[in-house]
Amino acid sequence: MRYSIIAAVIVAIVAFLWWPTSTTERLLYQTQGVTHGDIESLVNTAGTTRAVVTVEVGSEVSGLITDIYADFNADVEQGQLIAQLDNRSFLARVRQAEADILMSDANVSQQAANVTKAEAELSRLERAYQRQLQLMQQNLTNQTEVDNALANFEVAKAQILVSQAQLQSAKAQLTQREAQLEQHQLDLDRTQIRSPVNGTVIDRQVDVGQTVAASLSAPTLFTIAQDLSEMQIEADVDEADIGKIAAGQQVRFQVDAHPDRQFRGVVSQVRKAATNVANVVTYKVIIEAPNRQQLLLPGMTANLNFVIGQQQDVLRVPNAALRFRPAGAQQSAAQTPDRTTELVQQLDLPNDKQRKVQTLLRDFNQNLQSVRSQQSNNPMANPRQQFQQLRQALNNELRMVLSEEEFNRYQQLMSAQREQRQGREQQGRSAEVWVLNAQQQPELRRIQVGLANDEYAEVLSGELQTGDAVIVRAVRAGS
C-alpha cells in the first residue's frame, strides 16, 4: 500500500511537469481600409486677439482731473477733448510770462533809446573835436583842449558799443521770455487731454477728482483702439512647427465667446525673435483677421488652425499603418539614412566630443522610436508633448557638451536638415505599409506619400488601391 501511494505521487508530479502550463498565443492583426477622401494638414496653437493699432493716451503734466468727456466703448475722433486737468496754476504761469514779456519789451525800448542818445552824444563830441582841431591850426587854443575833446570823443564811441550791447541783451531777454510763454502755453494746452486717433475707448483708468502725477513717465489715462473692424492675433508657434508657417497662409480659428462660429484670417508676419519660457522655444506669428461685425474683442483667446496644405478626393492611408512594422522586420535602409553620423561629421568636433554627441543623438532617436511604437499600439495617444520633452532634454545635454559656437552650428545644421526634409515631403517620401496575404500573414507594400495630417497621409503612388486593408496594429490572443 505504501509503495502504491508513492508511485501515484510520482506519476502526479510527472504529469504536472509535462502538462502545458500556458495556452498557445497567436497574433491578431487589426486592419483599416484605404479610402478616398479629403486631407487637410494643420498646425494647432493658441493666440490672443488685439486691435491692429492700440494707442495709450497719457498726460505730460501733473494735475487734478476735473472733467472726463469719454467713457468705455465711446467712439472718439482725432483731436476730440476726452479729459480736462485743473488748469488754474498753468493759467497763472501764462499771465506771469505775458507780464514778463511786457517788461522785457519795455526794456528793449529803453535800451534802444539809450543807443539813440549815445549816437547823438557821439555826433556832438565829434563836432567839438573837429572845432578844437581848427582852432589849434589858428593858434586860438592849446593842446590840452584838443586832447580833452579827443578823449570825450573816444568815450562817446565806447558808450555806443555799450548801449548796443545792452540793447542786444534786452532783445535776448525778450526772446527768452517769449520762449517761456510758449512753454507755459504748451503746458496749459496739455491740460486738455485729446484723442490722438480715431477709434474706440477700450480702457479708462482715471476718474474725476483723481490726481495725475507725471514725473519720469507719462501715466496712461485711456487706451484707444484705432479700428476694431480689423483685428490681429498674436500666436506662439513651437519651434518644431515654425518652419511650416509662412506669410499669406490661411488660418481658421474659434473663440470661446462664439463657439459655434468659425473665423478666418491670414498670416501677415512671422517674427524671427525667439521666446524661451520654461525651456520651450516659440516664435511669434501675427495673423490679420477681419472683424466687420465686431464679434472679436481685444484680449480674447483664439484657438488657431494654420492650414499648411489641402487635398480633395485623394487616396489616403491611415498614419497608424505607416508606423506599424511586424516583429523582426527591419526598416529599409533607403528610408532611414544615417543622418546622425552625417550630422556629427559636419560639426567637425574633437574625438571625445564626437563620441558623446553621437551617443546622445542615437539615444534620442531610440527614444523617438519607442514613443512612436507606443503610439502605434495606442492610436488615441498624442506624442507631441513627449517629442517636445525629448527634444528639449537633448538640447540641454548638448549644451553641457558643446561650446556656444558649436551648439549654434548644430542648430543651423538641424534647421537645414528640417528644410531638406520638408522639401522632400512636398515632393513625396517613401513609406512602407503591410497587408495580409492569402495565408493571413503580413506582406510588405511600398508606397510614396505626400500631404499628411494627424490621421491620414496622401498616397501618391505605390502598391495600394481603394479598398485594400492595411495593418494598423497587432495584438496577442490566447488559444
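Predicted model: local features only at pLDDT ≥ 70, side-chain atom pairs only at ≥ 80, totals over all residues.
Colleague: Let's start with Asp86 and Arg88. What makes this pair a salt bridge?

Modeller: The closest N and O atoms of Asp86 and Arg88 are 2.9 Å apart. The cut-off is within 4 Å, so the pair counts.

Colleague: Why are Asp236 and Lys284 called partly exposed?

Modeller: Asp236 has 35% relative accessibility, and Lys284 has a relative accessible area of 24%. Buried is under 20% and exposed is over 50%, so both residues land in between.

Colleague: Which residue pairs with Arg446, and what is the distance?

Modeller: Arg446 forms a salt bridge with Glu432, with the closest N and O atoms 4.0 Å apart. Arg446 is in strand β17 and Glu432 in strand β16, 14 residues apart.

Colleague: What makes Glu432 buried?

Modeller: Glu432 has a relative accessible area of 4%. Buried means under 20%, so Glu432 qualifies.

Colleague: Why does Gln358 get the buried label?

Modeller: Gln358 comes in at 18% relative accessibility, and the cut-off is under 20%, so buried it is. You'll find Gln358 in helix α6, residues 351-377.

Colleague: How many salt bridges turn up in the whole structure?

Modeller: The search finds 17. Some are joined up: Glu60, Asp187 and Arg190 are linked in a network of salt bridges.

Colleague: Now the sheet. How do you know that β6 and β7 pair?

Modeller: There are 3 bridges joining β6 to β7. Pairing needs at least two, so these strands pair. They run antiparallel, and Leu81 stands opposite Arg194 in β7.

Colleague: In what order do the strands of that open sheet come?

Modeller: The order is β7-β6-β4-β9, with antiparallel pairing.

Colleague: Why are β7 and β9 said to stand at the edges?

Modeller: Each has a single partner strand, so one side of each is left without a neighbour in the sheet.

Terms used. Residues numbered from 1 in each chain as written. Heavy atoms only, no water. Helix = DSSP H or I, 4+ residues; strand = E, 2+ residues; numbered from the N terminus. Salt bridge = Lys/Arg side-chain N within 4 Å of Asp/Glu carboxyl O. Buried < 20%, exposed > 50% of the residue type's maximum accessible area, 1.4 Å probe, protein only.
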